[in-house]
Amino acid sequence: MSTDVSTPAYQKTSDLNNWRHFAQMGSATEKPPKVIVKGEGCYLIDSEGNRYLDGLSNLFCVNLGYSYGEELGEAALAQYKELGYHSNWGSTHPRAVELASVVAELAPGDLNHVFLTPSGGESVEAAWKIARKYYKLRGENRWKAISRQTAYHGTTLGALSLIGIPEYRADFEPLVPTGGKIRNTRRVGRPVGETEEQFTAFLLDELEFRIQAEGPDTVAMILMEPVQNHGGMLVPPAGYSKGVREIADKYGILLVADETITAFGRVGAWFGAERYEMDPDIITCAKGLSSAHAVIGAVIVGEKVYEPFTVAGASLLHGNTFGGHPVMAAVALKNIEIMKRLDLPATVLANEALFRAKLDTLADLPVVADIRGCGYFFAVELTQATASGRALTDAQKLRLYGDALLAQPLEDRGVMLRISIDAGDPVVCVSPPLVAGDAELTHLTDALHAVLTEVSTVYADL
Ligand SMILES: Cc1ncc(COP(=O)(O)O)c(C=O)c1O
């Protein structure tokens with residue numbers, strides 16, 4: 001706590017023992033990682049005193065931003081004084097009971113049984129096991145899960161198997177057998193003049209074909225985000241979510257909404273499934289549940305899924321030490337209390353048009369291919385073709401969209417954003433804390449406009 005983190009020497013040695021996630025540790029000698037020492041509102045401050053607007057809510061998770069530490073900390077302290085730990089297994093504790101009740105109240109439809117977990121990936125993992133066991137209890141042996149291309153669902157071996165990003169899976173194969181990946185809702189390579197309804201019908205046909213090819217009586221669940229993050233904020237086309245629900249019903253398959261990102265206000269509703277009328281049997285969530293100020297996630301199921309588990313002798317042989325930890329639950333409860341007080345999901349929905357209008361000022365820039373999303377969950381897709389229509393080479397993409405022309409100049413303008421090229425298409429993810437108002441949204445979009453204008457100049461010379 002007393003280390004002077006402001007020295008370059010500290011920064012240089014910060015990786016001595018600390019193995020960062022998804023990081024190329026060997027590159028740290030050239031460019032040591034930033035050390036972030038403080039958060040304020042929507043801003044992060046590094047060890048050298050630089051301030052950055054957090055345009056990604058860290059990992060799409062700090063929905064409340066960084067200014068509620070005192071209230072959240074008081075909730076944690078009170079809980080530590082009362083009961084620092086108890087499991088949520090054979091017995092329970094008041095904060096797990098209260099949090100389950102609060103989450104059930106907010107969840108759409110009849111989803112009212114809450115299984116607390118320590119993360120989004122473990123929520124997905126638990127959901128798949130719940131689905132498998134659900135069918136076993138009903139005397140069926142269904143085990144496969146169908147998910148979508150380019151989707152991200154976590155890194156445990158089960159969740160990883162459901163990821164639709166081959167590069168993330170490759171190093172760890174062989175993985176858990178699944179029911180395959182279907183197309184996401186990104187509209188590429190489709191016939192000119194195809195209507196949205198025709199596109200929806202095409203996607204639903206593919207889903208049904210996949211189920212039939214796998215054998216319907218082997219498929220336990222279909223897993224999808226209401227709005228898919230990886231691939232660039234893929235809002236479902238008209239009729240898609242309802243159509244998926246109908247197909248799931250037709251074949252008796254459970255529909256699981258992975259709301260690790262979309263729940264708790266991100267898309268302008270408490271749950272994305274509610275806004276996009278997905279009507280899932282199971283919801284998985286995590287990040288926004290505590291605004292990432294605590295290590296906690298949840299799986300929420302309705303009566304249909306829960307009922308077989310209530311038969312005498314039935315149980316879900318799944319759990320872990322930290323799922324539903326009392327201090328984490330206390331922080332999540334306080335987070336939801338503050339979100340309610342600020343009316344955050346409704347505020348995000350009300351601000352959506354304003355945010356969209358600011359982002360639309362980028363639309364005419366030559367390097368901008370598309371802008372899509374909803375709530376505070378947008379993607380600015382960057383072009384992959386030269387002005388004359390030739391495909392950009394990987395080297396050209398790296399030059400245009402790499403750190404030197406994009407991330408660094410944004411940081412120089414005090415904005416931190418993620419430029420994602422790992423799902424194939426270069427996308428700037430724009431997803432600030434839900435407490436961002438006009439000033440922050442303007443800072444974000446002005447910086448993007450200035451930097452993408454510069455990138456467009458280089459692009460014009462290719
Ligand atoms: C949709 C989705 N599911 C699951 C996960 C995994 O969550 P965690 O990192 O908490 O395991 C993520 C993480 O970004 C996610 O975006």
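## About the model

Because the model is predicted, local features need pLDDT of at least 70 and side-chain atom pairs count only at pLDDT 80 or more, while totals for chains, interfaces and linings use all residues. Residues are numbered from 1 along each chain as its sequence is written, and side-chain values use heavy atoms, with hydrogens and water left out.

Two packed helices are described by the angle between their axes and the distance between the axes. Helices (H or I, at least four residues) and strands (E, at least two) are DSSP runs, numbered from the N terminus. Axes are lines fitted to C-alpha atoms, for helices over the stretch in contact, and angles run from 0 to 180 degrees between N-to-C directions.

Helix α8 (residues 196-214) and helix α9 (residues 240-250) have axes that come within 10 Å and cross at roughly 25°. That makes α8 roughly parallel to α9, a label for angles under 35 degrees, whereas angles over 145 count as roughly antiparallel, 65 to 115 as roughly perpendicular and the rest as oblique. On the α8 side the contact (heavy atoms within 4.5 Å) is made by Thr200, Leu203, Leu204, Leu207, Glu208 and Ile211, and on the α9 side by Tyr240, Gly243, Val244, Ile247 and Lys250. By class, this contact has seven nonpolar, two polar and two charged residues, where Ala, Val, Leu, Ile, Met, Phe, Trp, Tyr, Cys and Pro count as nonpolar, Asp, Glu, Lys and Arg as charged, and the others, Gly among them, as polar.

## Helices α13 and α16

The axes of helix α13 (residues 344-360) and helix α16 (residues 438-460) come within 9 Å and cross at roughly 20°, and the two helices are therefore roughly parallel to each other. Leu354, Phe355, Lys358 and Leu359 of α13 make the contact with Asp438, Leu441, Thr442, Leu444, Thr445 and Leu448 of α16, and these residues divide into six nonpolar, two polar and two charged.

## Helices α14 and α15

Helix α14 (residues 394-401) packs against helix α15 (residues 403-412) at an angle of about 20°, with their axes 5 Å apart, which makes α14 roughly parallel to α15. Here Arg399, Leu400 and Tyr401 in α14 meet Asp403, Leu405 and Leu406 in α15, a group with four nonpolar, no polar and two charged residues.

## Around the ligand

A backbone N or O atom of glycine 120 lies 2.9 Å from an oxygen atom of the ligand, and a polar backbone atom of glycine 121 is 2.7 Å from an oxygen atom of the ligand. In the side chain of aspartate 258, an N or O atom is 2.7 Å from a nitrogen atom of the ligand.

## Two backbone details

Most residues other than glycine have a negative phi, and most peptide bonds are trans. The peptide bond from glutamate 173 to proline 174 is cis, with omega near 5°, and proline 174 is found in the loop between α7 (166-170) and β6 (181-182).

Glutamate 277, a residue other than glycine, has a positive phi near 50°, and glutamate 277 lies in the loop between α10 (272-275) and β9 (282-285).

Conventions: A polar contact is a pair of N or O atoms within 3.5 Å; within protein, one must be able to donate a hydrogen and the other to accept it, and residues adjacent in sequence count only if both atoms are side-chain atoms.
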